[in-house]
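Open the model in your viewer and keep the selection panel at hand. The stops below run from one chain to the other.

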Amino acid sequence: MIKGTVLINSENCKGCELCIVACPQESLSLSQKINLRGYRYVELSQDNCTGCTNCAIVCPDSAITVYRQSKQNYKKAV
Amino acid sequence: MSQEILLEDMQCVYQKPATLTDDYMHYCPGCGHAVAHKILMEVVQEMGIQEDIVGVAPVGCSVFAYNYMNIDMQEAAHGRASAAATGIKRVLPEKYVFAYQGDGDLAAIGTAETIHTINRGENILIVFINNGIYGMTGGQMAPTSLLGQKTSTSPYGRDVEHNGYPLKITDLIAHLPGAYYVTRQAVHTPNTVRKFKKAIKNAFEFQKLKKGTCFIEVVSNCPSGWKMTPKETLAYIEEKMLPEYPLGDLKVPTQNNN
């Protein structure tokens, strides 16, 4: 499976949880910590992200950047 | 494995569009306005028209749209965004012009301006965010509020006898000959957001043809006004909003033989 990962801008996140609903792999969850504005923010809790970008597309605050393994690297690894 | 090592053999596939400013958005958590802003600006970036586009911001929650969209913007009086956009388009016919309006702005106070703009067939794009409530002023009933919907001015639910039926303004204007492309989209799931992006792209392409007004309604949510969590609004949209406002194209150019 192609691997991906997300970088979350925790200061912009408002903890609306729309990305958690949108994630097909259930890799995201709300953190126990709060950010400067007082919101619990989202974090990557499992290492099974595929980089499908669903979470970033529905994120209202554009807080998620998605990275995905390129196809060449994927072939090398296999 | 630390994230830096992991990122080395990976490529960025999605990031915040450069056409959005770095300002922190004032919208409530989970608001559909912010998604709509982001997708609009993504299309502007992909088409490379950042310097050739003028937007008109409305009055409502999205009144500060000009703080977030890094393009030329103009603020209009309440409900008159489409009228202001008309003027801009007539003076600068080669620019892409869009009016971004909410339901209190477009369907209540600006009904006359909207209908006449489309009846004249002005070559602009109108983006209409429909969340069925006046979000900015404290959750009052809007013309698009659903029957039975509890708002601060209809605490026992909207009833037909006192308040009439929800105004389906998109269906109304689809009949006008000046409308070229009329569609209804949503922004609550990844798939609907992708379709919305496609619709905006189509609308900007059609604007080049100068054949008439493009109109995109976006069924959106209002977690604060509906008194729900953002998660609950997704179910509310699916169960209540979409049966009343079904998604899809209401008028596409091939059908009206323009």
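A word on conventions. This is a predicted model, in which local features need pLDDT of at least 70 and side-chain atom pairs count only at pLDDT 80 or more, while totals for chains, interfaces and linings use all residues. Residues are numbered from 1 along each chain as its sequence is written, chains are lettered from A and ligands numbered from 1 in the order in which they are written, and side-chain values use heavy atoms, with hydrogens and water left out.

**Chain A: overall**

Show chain A as a cartoon. It has 3 helices and 4 strands. Helices (H or I, at least four residues) and strands (E, at least two) are DSSP runs, numbered from the N terminus. Trace them from the N terminus: the order is β-α-β-β-α-β-α. Along the principal axes, the C-alpha atoms of chain A fill a box of roughly 45 × 20 × 20 Å.

Of the 78 residues of chain A, 50% count as buried. Buried means under 20% relative accessible area, exposed over 50%, partly exposed in between (1.4 Å probe, protein chains only). Now the contacts (heavy atoms within 4.5 Å). Among those in chain A with a separation of 6 or more, 57% join residues 24 or more positions apart.

**Chain A: confidence**

Color by pLDDT, the predictor's confidence in each residue, from 0 to 100. Chain A averages 91, and 97% of its residues score at least 70. Where in chain A is confidence lowest? Select helix α3 (residues 71-77) of chain A, with a mean of 73. Confidence in chain A is highest in helix α2 (residues 54-58), at 95. Where pLDDT is low, the predicted coordinates should not be read in detail.

**Chain A: two backbone stops**

Most residues other than glycine have a negative phi. Select A:E17. Its phi is positive, about 70 degrees, although A:E17 is not a glycine. Look for A:E17 in the loop between β1 (4-8) and α1 (18-22) of chain A. A:E17 counts as partly exposed because its relative accessibility is 23%.

Next, A:E26. This non-glycine residue has a positive phi of about 55 degrees. A:E26 sits in the loop between α1 and β2 (28-34) of chain A. At 59% relative accessibility, A:E26 counts as exposed.

**Chain B: the nonpolar cores**

A nonpolar core is a set of buried Ala, Val, Leu, Ile, Met, Phe, Trp, Tyr and Cys residues joined through side-chain atoms within 4.5 Å. Which residues touch the most other members of the largest core, with its 61 residues? Select B:M69, B:F98 and B:F204. Helix α2 (residues 32-47) of chain B gives this core its largest share, 8 residues. Another core, of 21 residues, lies apart from it; B:A85, B:I88, B:V97 and B:I118 are among its members.

Zoom in on B:M69. Beyond neighbours within four places in sequence, B:M69 contacts B:T19, B:T21, B:H37, B:L40, B:M41, B:F98 and B:Y100.

**Chain B: last stop, B:L147**

Select B:L147, in the loop between β7 (140-141) and α7 (160-163) of chain B. B:L147 is partly exposed, because its relative accessibility is 42%. Not counting residues up to four places away in sequence, B:L147 touches B:R158, B:V160, B:G164, B:Y165 and B:P166.
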